[in-house]
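Subject: Structure handover and findings

Dear colleague,

My notes on what was found in it follow directly after.

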Amino acid sequence: MLARQIQTNSFPVAEQQVIRVLFIGNSYTYFNDLPWLTQQLAASGKEPKKLETEMVVIGGATLQNHWKRGKALRLLKAKRWDYVVLQEQSTLPITNPKEMYKYATLFDAEIKRVNSQTVFYLTWAKQNQPETQQILTDAYMNIAQELKAKVAPVGIAWQKVQEANPKLNLYSSDKSHPSPIGSYVAACVFYTTFYENSPVGLSRRICSCDSSNPQENNRIELESLSKTDAQIIKNLVYSIVIKI
């Protein structure tokens, strides 16, 4: 099923009126179906370029796991992508940044080879370990700078949103995975990263599928943010992303 590799500029103009993103990661990506949630935000903003996403995800996977498994590489080469999002396992940037950098660099070389752009999904600290956020941030920012890649600073946005409104719970009950609001913050960050536009004015509804089955097509509304809370999130996200 692998398509022949085609240069981006050989696609019809109509097909290029789309931003196509491949997410490579684990449960921090598929919880609440983050790629689809980001698509819905873009649709609510009536962007002239539609957002289309696919994901290659395995619970708890590292970039090394994805590299050795091969599925992510096959999909990367099979289709045209504007961005490829790399999400490392949640604690590996803290415990073994050298391994993260090794496989991030290998993936980045392949991403560049197909004329796409790497985006690092800078994740958040666990709820009971807030002091590790700076380590995570430094790990992602350093490798992104070295590779001249983009960063989606989700973990930084989470930190600022929690400071602005501690009542907003971004974590699920395990104090690690995102709640629907946590995924909404992440989606706002990715929207702003891909479109370089403010998320102010986008939908406040958080719809997704059952996070235990990311391929399920039945969508449900998980939550609807108040106008005030949504405004706080969107303003903070935009101010953070444009500084990266």
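Helix H10 covers residues 227-241; it has 15 residues and reaches 21 Å from its first C-alpha to its last, close to the 21 Å expected at 1.5 Å a residue. Helices (H or I, at least four residues) and strands (E, at least two) are DSSP runs, numbered from the N terminus, and the expected span of a helix is 1.5 Å times one less than its number of residues.

This is a predicted model, in which local features need pLDDT of at least 70 and side-chain atom pairs count only at pLDDT 80 or more, while totals for chains, interfaces and linings use all residues. Residues are numbered from 1 along each chain as its sequence is written, and side-chain values use heavy atoms, with hydrogens and water left out.

In H10, the buried residues are Asp 229, Ala 230, Ile 233, Lys 234, Val 237, Ile 240 and Val 241. Buried means under 20% relative accessible area, exposed over 50%, and partly exposed in between (1.4 Å probe, protein chains only). Seen down the axis of H10, these buried residues fall within an arc of 135 degrees, so they line one face of the helix; the arc is that of the directions from the helix axis to the C-beta atoms. An α-helix has 3.6 residues a turn, so residues three or four places apart point the same way. The buried residues of H10 pack against helix H8 (154-164) and helix H9 (180-195), where contact means heavy atoms within 4.5 Å. On the face turned away from the buried side, H10 carries the exposed residues Lys 227 and Thr 228.

The loop between H8 and H9 holds Ser 176, which is buried with a relative accessible area of 8%. The side chain of Ser 176 makes a polar contact with the side chain of Tyr 28 at 2.6 Å. A polar contact is a pair of N or O atoms within 3.5 Å; within protein, one must be able to donate a hydrogen and the other to accept it, and residues adjacent in sequence count only if both atoms are side-chain atoms.

Leu 122 lies in the loop between strand E4 (117-121) and helix H7 (133-147). Leu 122 is buried, with a relative accessible area of 0%. Although Leu 122 and Pro 153 are 31 residues apart in sequence, they are 5.0 Å apart in space, C-alpha to C-alpha.

Yours sincerely
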